[in-house]
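These are my notebook entries on a few local features that I looked up.

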Amino acid sequence: MDGDRQPPAAPPPAQQHSGKYRPPHLRNQESSGDGGARPPSLQRRAVVGCSETDANRRSWDQRTCQLPSNVSKLCVQLPKNSESKQPPSGPPENADNKILPAKRPVGSTHGGRPVNLVVNHFLVRFNPRFTIFHYNLDIKQVISHGKRPAKKSKKKVNLRLIRDKLCLDDPALFPLNRTAYDGEKNLYSAVPLPTGQFNVELCDIEDLLTRTYVVSIKLMNELKLSKLEDYLSGKVTYVPRDILQGMDLVMKENPSRHRISIDRHFYSSSFNVEDDFKHGVAAYRGFQSTLRPTSQGLALCLDSSVLAFRKPLAVMDFLKENIPEFDGMYLGLSSRRRVAHALKGLTVRVTHRVTKQRFTIAGLTAKNTRDLWFDFVDPKGRDPTVNVSLVQYLRHKYGKDIVYQDIPCLILGRNNRTSHVPMEFCILSVGQRYRKELLDEVSQDKYDAKCLAWPPERRKTICEMMQAYDGPCGDVTQNFGLRIDKNMTSVEGRVISPPDLNLGAPDGTVDIVRVENEKCQWDIAENSVVEGKQIERWALIDFSSSDSSRAKDFIKNLRNRSRSLGIYMDEPLLCHFTGMREFSSINRLEGLLRSVVEEATRKNPNRLQIIICVMAEKHHGYKYLKFVSETRIGVVTQCCLSNHAFRGDEKFLGNLCLKINAKLGGSNVELTQPLANFEEEDHVMFIGADVNHPVSKKSTTPSIAAVVSTVNWPAVNRYAARVRPQDHRTEKILEFGSMCRDLVNTYFQVNKVKPKKIVVFRDGVSDGQFDMVLNEELSDLKRSVSDDNYKPTITLVLAQKRHQTRLFLDNVLDGGPTGNVPPGTVVDTKIVHPFEFDFYLCSHYGRIGTSKAVRYCILWDENSLTSDELQKLIYSLCFTFARSTRPVSLVPPVYYADLVAYRGRIFQEVAKEFQFRSSFSSSSNCTAFDRSFYNLHPDLQNIMFFV
């Protein structure tokens with residue numbers, strides 16, 4: 001047979017040395033499998049109710065299901081004239097006209113001292129001759145007697161049960177452990193499956209009611225892993241996403257069968273004793289995983305996570321944990337309300353009868369259990385309707401005696417389909433999430449500590465997840481010919497030296513500060529800002545009290561602290577005292593701010609520079625304050641809480657002064673050396689872009705696009721911002737070109753020259769959206785800012801924070817007391833892309849939990865920057881964040897774009913309230929939002945009001 005043929009002889013060593021990198025998972029494959037080509041699959045058309053002969057069935061079993069254990073022989077030779085053969089997946093249409101991501105520059109990086117690391121990437125070996133079959137499943141319920149058309153089943157749990165029953169009915173044709181299912185329409189198989197329509201019958205154990213479903217199976221594609229091999233070895237540049245998606249689902253099949261699945265995470269169905277928060281809630285540990293193509297081969301990236309769930313307790317036990325006085329004997333009026341509040345909306349399963357159904361608690365019965373009677377109707381219609389008590393019914397029907405008869409029953413179900421069930425026969429169902437905000441303060445602290453685990457603990461947990469029976473390394477994975485190395489990847493990283501900084505000296509000169517401590521932190525107690533703004537016209541609004549003595553002390557402390565930092569504040573033009581009630585109305589707040597501005601103008605004709613607002617507490621009216629001040633009045637505001645402001649803490653006041661100075665155009669810290677290979681006459685502009693998406697699923701709620709850019713060179717620490725609403729959940733920045741052109745013109749107004757070079761940092765983009773950024777946003781930028789006389793060179797960098805890659809020190813002694821990697825740790829080998837230009841950089845000091853590096857992907861580079869130059873550039877920029885005295889975790893242009901996008905979201909919430917009051921039509925598209933709500937006041941457009 002073909003599967004027994006010997007593979008072709010390996011070429012002589014002289015011919016193997018072609019200079020191309022061959023990943024480990026592809027090495028030594030010559031001796032592992034069949035060298036023949038994969039044939040297409042065989043389809044079998046079946047009609048509902050018909051079956052094959054036993055002989056045909058045996059023939060099918062021999063061809064497809066009795067497979068040798070050798071991975072190489074999992075390939076099955078089938079007739080080559082199969083009509084189901086799919087065209088090979090290839091690059092998108094007009095691929096020759098599209099811009100492709102930049103390739104990694106030739107040559108090794110050498111900046112920084114080496115450090116040995118381990119990374120939560122686990123190498124996946126696969127057989128490139130293997131084929132995965134992708135099928136579409138369509139499941140419909142058959143209604144008896146043809147009275148109503150078949151309807152689709154929607155719940156994932158139900159669909160999985162139907163798939164499992166299909167495999168159980170005929171395991172030879174549908175081997176369960178050789179398939180992976182997403183619970184909806186996609187089924188992947190390691191062997192060819194018959195196609196057509198098949199009947200599946202599910203029986204309810206309690207009432208023996210049988211439901212019939214029609215499962216339609218259609219072959220969608222044959223995923224040949226040789227194409228993934230070609231991509232990993234650099235032979236092709238297009239990403240075989242269909243193959244990666246299929247293999248990723250295969251990796252998730254085993255945990256999906258044993259764990260609680262929540263938003264691509266998989267959590268254990270039980271909790272540890274130390275994770276019990278009491279009150280019916282516990283922390284459950286889980287993981288999230290994804291497959292990544294890397295330079296060492298295909299890797300499974302797995303990271304641990306923690307989520308709070310309700311414990312699957314009996315309802316009686318749950319109430320005893322939540323309500324100490326509850327004993328099950330009697331419920332007073334207040335206790336009844338507390339019980340109803342604790343239980344309403346939870347899902348339970350019942351124990352007095354056998355059923356897999358889950359029920360939602362709608363409330364409590366008005367009467368106690370012993371007083372509940374109902375009309376019993378004979379389902380066969382033989383006996384007359386009789387009135388029976390619930391206690392008697394459960395005793396005669398199910399043989400159950402109710403112990404707690406003096407408390408209400410639970411009302412289960414909704415609308416007219418409800419039933420009354422005693423509490424003692426109900427158990428909370430597994431997998432009910434519990435919001436962190438509802439935890440008490442002590443439990444929240446415990447929860448945060450578990451989520452923010454220290455590196456050694458997190459590393460241990462990840463390794464345990466990989467070894468667990470319900471982890472990704474199950475039988476299904478092996479049946480697809482996948483072998484996972486359960487050891488983390490060892491890699492050599494580098495620690496980049498921090499840049500020298502310019503800070504102010506007490507005598508007014510500039511000091512060059514060398515940051516050498518492990519936190520890379522500089523002390524503003526010993527230095528001042530580089531350029532402090534003279535604050536001559538400002539006002540104070542105290543929303544916390546009418547005690548002027550506390551306000552006087554705050555003003556005195558603030559002025560003294562600002563003076564020590566080189567920021568000179570005069571006495572405020574006025575102090576206004578009021579209460580937090582002003583935040584409840586946008587009209588009252590706007591009237592207050594205008595009156596303060598007018599009173600200050602009477603005392604000094606020049607425009608007010610800033611209003612400092614002391615708030616008694618956090619308030620939802622904060623959005624009104626920012627909206628009014630930044631879009632209507634045009635005065636910068638700085639808010640702080642009274643319990644911090646009146647305490648007089650030097651550190652707090654210092655941070656407050658840094659924010660005030662940055663908002664007014666001052667310079668807190670600057671880099672001593674020029675960035676990368678840029679010259680002072682180059683005039684480089686750095687752009688940051690991000691899109692904030694709404695939580696709401698309503699299409700009338702817009703996404704918010706924000707773009708910021710530097711307006712000074714070479715200090716690159718002052719930014720201007722633009723914000724726009726756009727279509728609901730649209731990641732592409734629809735007006736990216738026009739927003740950037742506006743910012744280039746602003747740069748020209750400030751510097752009298754346009755930037756020669758532009759470096760764009762884009763946030764919030766997944767790997768699948770690289771093409772959109774390159775061929776749509778970048779093209780829009782070029783068209784908008786370039787003309788015959790002006791063509792800046794552009795570099796485009798993506799910053800990715802939402803990934804699961806974690807860096808751990810191989811030797812904890814190489815780091816600080818937290819065990820995290822030191823600031824400036826960069827990795828650009830083994831775990832990065834096989835040939836595209838990317839690297840991981842951890843630029844901050846991890847004080848809490850395990851540090852998370854940012855992945856930077858360079859998609860386009862007309863400035864010919866080397867890896868060392870880009871890594872050093874980004875790391876140096878992280879020291880220029882205006883309100884911090886240590887390097888931040890994310891490059892500042894992106895950090896600021898996040899802040900501006902969030903500010904735009906605040907404006908949108910105010911706009912939504914205005915539109916609601918004016919009976920704005922909910923059917924209108926989100927682009928119909930009044931654009932004036934998002935237009936910044938002209939006086940604030942080009943300053944850092946958002947810091």
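The strands concerned, β15 (residues 359-368) and β18 (residues 408-414), run antiparallel and share four bridges. I take helices (H or I, at least four residues) and strands (E, at least two) as DSSP runs, numbered from the N terminus, and I count two strands as paired if DSSP finds at least two bridges between them. The model is predicted: I required pLDDT of at least 70 for local features and 80 or more for side-chain atom pairs, while totals for chains, interfaces and linings use all residues. Residues are numbered from 1 along each chain as its sequence is written, and side-chain values use heavy atoms, with hydrogens and water left out.

I then traced the sheet as a whole. It is open, has five strands in the order β19-β18-β15-β14-β20, and pairs in the antiparallel sense. Its edges are β19 (417-421) and β20 (426-428), each pairing on one side only. On average, neighbouring strands are turned by 45° against each other, direction ignored. Helix α7 (residues 333-343) packs on this sheet, touching β15 and β18 (contact: heavy atoms within 4.5 Å). I noted an angle of about 165° between the directions of α7 and β15; axes are lines fitted to C-alpha atoms, for helices over the stretch in contact, and angles run from 0 to 180 degrees between N-to-C directions.

Ten of the twelve residues are buried, so α14 is largely enclosed by the rest of the structure. Among the buried residues I listed Tyr624, Phe627 and Ile633. Buried means under 20% relative accessible area, exposed over 50%, and partly exposed in between (1.4 Å probe, protein chains only). Gly634 follows α14 and has a positive phi, near 85°.

Most residues other than glycine have a negative phi, and most peptide bonds are trans. I recorded a positive phi near 55° for His279, in the loop between β11 (276-278) and β12 (281-294). His279 is partly exposed at 39% relative accessible area. Ala676 also has a positive phi, near 50°, and is partly exposed at 29%. Lastly, I found a cis peptide bond between Trp713 and Pro714, with omega about 10°; Pro714 sits in the loop between β31 (703-710) and β32 (719-726).
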